[in-house]
Amino acid sequence: MTPTEKIWHNGKFIAWDEAHIHVLAHVVSYGSSVFEGIRCYETANGPAAFRLKEHTRRLFDSAKVYRIPMRFTAEELHEAMIELVRVNQLRSCYIRPIVLRGYGGVGVLPTNNPTEVYLACWEWGKYLGDEALAQGVDVCISSWTRLAPNTLPALAKAGANYMNSQLIRLEAHVNGYAEGIALDDKGAISEGSGENIFVIRGGIIHTPPLASSVLPGITRDSVITLARELGLPLVETAIPREMLYVADEVFFTGTAAEITPVRSVDRIEVGSGRRGPITERLQAAFFEIVEGRVADRFGWLTPIQQPVATR
């Protein structure tokens, strides 16, 4: 990670190296944070943040689920993220808003802990590697189950939820895979450690429903929108594990992963063992929009006017 000049904290810009929290902040012991990941793409007309409004809405939804009071409005944080990219004068970047419970009470009950809000951004390349978008990645079925609905709320993008994700990713890494796929509490396919998943067989695109303990991904929603526009049949349905082994194509979606094909699952080759034609078609439609090469017909991009003097 290459540091940028400024981070936004509770309404003010501070130096990157001054963004600290107390070791006894509630979030450290209890994982009480919600966050987002937002890509800002370089286009011919300057940088543009991808679906900033929807990401901000999900941040507030996550805070609401975990009863974390927000000290700023959605509009204020939306504008602050735009200004953050301007201040750091980045042509493309990854934006990370973090809302956490800070220093105050030391017990589990968080009512005496203030809400702290940080916004950071930095340059970040392809999450699963530069070759992955064309060649695909090797993945495994994880031994770790995704969060059951009555344990932690999977619809919230919360720091505590990602302890489960870390176990999935670490297990995959130790065993030589790029990523792991978790099943839900009923044994159906859920998602990766940080990605939604799509499975294609016989020309039909399948993706798990939100009830399968999946995060309502912004890129997931974008792919569903593009598939329907392109006339590609798509269903949201429970998917059995073995469907991954007999699929024609499989791909991940996510802010970091974008649209990344899967070339093997548990060492079983998926389709031709590389990116398939439907995945490639969806990738092309997606990147044409986010890179500004076609009209933004869905209103997904928020332009960031550059340059601006650094504060």
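Colleague: Which residue forms a salt bridge with arginine 51?

Modeller: Aspartate 221 does, with the closest N and O atoms 2.8 Å apart. Keep in mind that this is a predicted model. Now place the two partners. Arginine 51 sits in the loop between strand 5 (46-50) and helix 2 (52-65), and aspartate 221 sits in helix 6 (residues 218-229). They are 170 residues apart, so the pair links distant parts of the chain.

Colleague: Is arginine 51 buried or exposed?

Modeller: Buried, with a relative accessible area of 7%. The cut-off for buried is under 20%, so 7% qualifies. Aspartate 221 has 33% relative accessibility and counts as partly exposed.

Colleague: Where do aspartate 138 and arginine 263 lie?

Modeller: Aspartate 138 is in strand 8 (residues 137-141) and arginine 263 is in strand 15 (residues 258-265). The pair therefore ties together parts that are 125 residues apart in sequence. Arginine 263 is partly exposed, at 30% relative accessibility.

Colleague: How many salt bridges are there by this rule?

Modeller: The count comes to 15. One of them joins the side chains of glutamate 42 and arginine 91, at 2.5 Å from N to O. Glutamate 42 lies in strand 4 (residues 38-43), and arginine 91 in the loop between helix 3 (74-88) and strand 6 (93-101), so this pair ties together parts 49 residues apart in sequence. Glutamate 42 is partly exposed at 38% relative accessibility. Arginine 91 is exposed at 57%.

Colleague: Back to helix 6. How do I check its length?

Modeller: Count 1.5 Å a residue. The twelve residues of helix 6 should then span 16 Å. The end C-alpha atoms are 17 Å apart, which agrees.

Colleague: Which residues of helix 6 are buried?

Modeller: Ile218, Thr219, Arg220, Ser222, Val223, Ile224, Leu226 and Ala227. Here is the general idea for reading such a list. An α-helix has 3.6 residues a turn, so residues three or four places apart point the same way. Look also just after helix 6, where glycine 231 takes a positive phi of about 75 degrees.

Colleague: Now rings. How many aromatic pairs are there by this rule?

Modeller: Eleven. Tryptophan 122 and tryptophan 124 have ring centres 6.3 Å apart and planes at 45 degrees, so the pair is tilted. Tryptophan 122 is buried, with a relative accessible area of 9%. Tryptophan 124 is partly exposed, at 35%.

Colleague: Which residues form one aromatic cluster?

Modeller: Tyr41, Phe50, Phe286, Phe287, Phe298 and Trp300. A charge can also sit over a ring. Here arginine 267 lies over the face of tyrosine 177, at 4.2 Å from the ring centre.

Colleague: One last residue. Where is alanine 188 found?

Modeller: In the loop between strand 9 (179-183) and strand 10 (189-192). Alanine 188 counts as buried, at 12% relative accessibility. Set aside its neighbours within four places in sequence, and alanine 188 is in contact with Ala182, Leu183, Ala238 and Ile239. Alanine 188 and serine 213 are 25 residues apart in sequence and 10.0 Å apart in space, C-alpha to C-alpha.

Technical notes: Residues are numbered from 1 along each chain as its sequence is written. This is a predicted model: local features need pLDDT of at least 70, side-chain atom pairs count only at pLDDT 80 or more; totals for chains, interfaces and linings use all residues. Side-chain values use heavy atoms; hydrogens and water are left out. A salt bridge is a side-chain nitrogen of Lys or Arg within 4 Å of a carboxyl oxygen of Asp or Glu. Helices (H or I, at least four residues) and strands (E, at least two) are DSSP runs, numbered from the N terminus. Buried means under 20% relative accessible area, exposed over 50%, partly exposed in between (1.4 Å probe, protein chains only). Contact means heavy atoms within 4.5 Å. Rings of Phe, Tyr and Trp (its six-membered ring) pair if their centres lie within 6.5 Å; planes under 30 degrees apart count as stacked, over 60 as edge-to-face and the rest as tilted. A charge sits over a ring if NZ of Lys or CZ of Arg is within 6 Å of the ring centre and within 35 degrees of the ring normal. The expected span of a helix is 1.5 Å times one less than its number of residues.
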